[in-house]
Amino acid sequence: MDRTECFIPPDGVLPPCDERIAALHRYWRSLWPAGGGLPGRKDFDPAAVPDLLPWIWMLDVHRDPLRFKYRLLGTGQVAIIGRDRTGAWIDEQVPNFFDAPAFRHYAAVAEQGLVCYRRGFPVVHVPKDFMLLERIFLPLAKDGRKVDIILALTLYYPAGNSD
């Protein structure tokens, strides 16, 4: 599995990726309001993507200072991480979060409304059985502009698996 990391405008095209990530991206794009702007949490219907729910998670975006709180974690996420972090601040769960390269991904989605896609390694917050990940961050905004939730889907691949 090659390493890919990119920021994409909300109306941009994803690089080649797992079909589950592509499916969530297509569904998210289908939620866009007719008048423009980003979809909000109220537009997202979990029943529309039942096969993806184990891998979906959401973060609430807080500002001044910029922080992120786990809103929900799918059952697949909880099983791999080893506990349900719903309601916890990500910076209290992930050591050195604000200094980690991933912080800029969260910040770009929250502050600029970009889509963030990543495939590769290392995976630092899950058991070492899983060394590769593929994920997407999608912005949600109640008012169509100011991102208040990050909708995410992460897939984990066992060490030695390149698919």
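**Notes on the predicted model**

1. F68 is buried, with a relative accessible area of 0%; buried means under 20% relative accessible area, exposed over 50% and partly exposed in between, using a 1.4 Å probe and protein chains only. Before going on, please keep in mind that this is a predicted model, in which local features need pLDDT of at least 70 and side-chain atom pairs count only at pLDDT 80 or more, while totals for chains, interfaces and linings use all residues. Residues are numbered from 1 along each chain as its sequence is written, and side-chain values use heavy atoms, with hydrogens and water left out.

2. Next, the overall layout. The chain has four helices and six strands, in the order β-α-β-β-α-α-α-β-β-β from the N terminus on. These elements are DSSP runs numbered from the N terminus: helices are H or I with at least four residues, strands are E with at least two. Of the 163 residues in the chain, 48% are buried.

3. A word on contacts, meaning heavy atoms within 4.5 Å. Taking contacts in the chain between residues at least 6 apart in sequence, 56% join residues at least 24 apart.

4. Which parts does the ring pair of F68 and F103 tie together? The count of aromatic pairs comes to 12; rings of Phe, Tyr and Trp (its six-membered ring) pair if their centres lie within 6.5 Å, and planes under 30 degrees apart count as stacked, over 60 as edge-to-face and the rest as tilted. F68 lies in strand β3 (residues 67–73) and F103 in helix α4, so the pair ties together parts that are 35 residues apart in sequence.

5. F103 is itself buried, at 18% relative accessible area. F103 also forms an edge-to-face pair with F98, at 5.3 Å centre to centre and 75 degrees between the planes. F98 counts as partly exposed, at 40% relative accessibility. Ring pairs link W57, F68, Y70, F97, F98, F103, Y106 and F137 into a cluster.

6. F137, a member of that cluster, is found in strand β5 (residues 130–140). F137 is buried, with a relative accessible area of 0%. Neighbours within four places in sequence aside, the contacts of F137 include W57, H105, Y106, V109 and I150. L153 is 16 residues from F137 in sequence, and their C-alpha atoms are 6.9 Å apart.

7. Helix α4 (residues 101–112) deserves a look. Its 12 residues should span 16 Å at 1.5 Å a residue, and the end C-alpha atoms are 17 Å apart, which agrees; the expected span is 1.5 Å times one less than the number of residues. The buried residues of α4 are F103, H105, Y106, A107, A108, V109 and A110. G113 follows the helix, with a positive phi near 70 degrees.

8. Now R67, which lies in strand β3. The charged end of R67 sits over the ring of W89, 3.9 Å from its centre; this requires NZ of Lys or CZ of Arg within 6 Å of the ring centre and within 35 degrees of the ring normal. The R67 side chain also makes a polar contact of 3.0 Å with the side chain of D91. A polar contact is a pair of N or O atoms within 3.5 Å; within protein, one must be able to donate a hydrogen and the other to accept it, and residues adjacent in sequence count only if both atoms are side-chain atoms.

9. Finally, some backbone details to check by eye. D64 and P65 are joined by a cis peptide bond, with omega about 5 degrees. D64 lies in the loop between β2 and β3 and has a positive phi of about 60 degrees, although it is not a glycine. D64 is exposed, with a relative accessible area of 78%. N96, in the loop between α3 (90–93) and α4, has a positive phi near 55 degrees and is exposed at 59%.
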